Amino acid sequence: MASPTHFLVVVVLLLLGVATTAFSLSPNFYDKVCPQALPAIRKVVEADGSLFTSVVMVHSFWIPHLLSKPRKNARGNLNPVRGFEVVDQIKAEVDRVCGRPVVSCADILAVAARDSVVALGGPTWKVRLGRRDSTRARLDLANTELPSPSLDLPGLLNNFRKQGLNRRDLVALSGAHTLGVSRCSIFRNRIYNATNIDPAFAKQRRATCPRTGGNTNLAPFDSTPAHFDTAYF
Ligand code: HEM
């Protein structure tokens, strides 16, 4: 079973990481100490092949909604516990092929997220490595610094700015919602009360998200929730 610590460690890293780790990152960081590490990560991701694992990886890269949202039974056959197990499985395999724990959890997640995107039909890119794991887990930071789903555009821009991210980053990173789903409780207010929403789309969503109840009913973010494509935009 995955230790939440792994995730917490990465949370902090991501929240603080943009500013603090950029100086020495390189795609070749592990070439000398453990050239087998990256192929090992890809192998586990590809062998697992589950959509949920991929969603967990991509989400984990941004992380922490996962920490604050127990969704164990909310997703039918997409079982989050399985996703967490795969993170631990990858970590164990990387430590095994390297002979010792030389690859950081943050780097493992960053590479696994990239490999998951590729496995779901998305583009590839070089991951700059050498991120260090935090020695302290800060769930409080994860909960307060993450953007709330109810933020408006200025609020989102402000939240991203505080992490050193600009409006281009906001648009690009939001594209991660090409994968996965959202719970009815999260978007109910918009489909019943908002005026700045396409009425036909709102009506469509109301079909599976009633005014009361059905909080954990799920709806995809775009028309192809299992493919990494541009449909979200
Ligand atoms: C711009 C700020 C963001 C906001 C306000 C936001 C909000 C949300 C919300 C409300 C959900 C649905 C949660 C639920 O119903 O349980 C969600 C899911 C998701 N988010 Fe974000 N998110 C943001 C940024 C990101 C970023 C930067 C990434 C990745 C790079 C990301 C990846 C995902 C993924 C993959 C899911 C689907 C999870 C699943 O299907 O279980 N999000 N997000």
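1. Overall confidence. The protein has a mean pLDDT of 81, with 77% of its residues at 70 or more. Helix α11 (residues 199–206) has the highest confidence, at 96, whereas helix α4 (residues 65–68) has the lowest, at a mean of 38.

2. Two stretches call for caution. Residues 1–21 have pLDDT below 50, yet the model gives this stretch 51 contacts beyond near neighbours in sequence. Over residues 64–81 the pLDDT likewise stays under 50, and here the model has 33 contacts beyond four places in sequence. Where pLDDT is low, predicted coordinates should not be read in detail.

3. Iron site. Which residue is the only protein donor of the iron atom of the ligand? That donor is H177, through NE2, at 2.1 Å. H177 is placed in the loop that runs between α9 (167–174) and β1 (181–183).

4. Packing of α8 and α9.

5. On the α8 side the residues are L153, L156, L157 and F160; on the α9 side they are R167, D169, L170 and L173. The contact of α8 with α9 comprises 6 nonpolar residues and 2 charged ones, with no polar residue.

Methods:
Residues numbered from 1 in each chain as written. Predicted model: local features only at pLDDT ≥ 70, side-chain atom pairs only at ≥ 80, totals over all residues. Heavy atoms only, no water. Donors = N, O, S within 2.8 Å, 3.2 Å for Na, K, Ca; no water. Helix = DSSP H or I, 4+ residues; strand = E, 2+ residues; numbered from the N terminus. Contact = heavy atoms within 4.5 Å. Nonpolar A, V, L, I, M, F, W, Y, C, P; charged D, E, K, R; others polar. pLDDT = per-residue confidence, 0-100.
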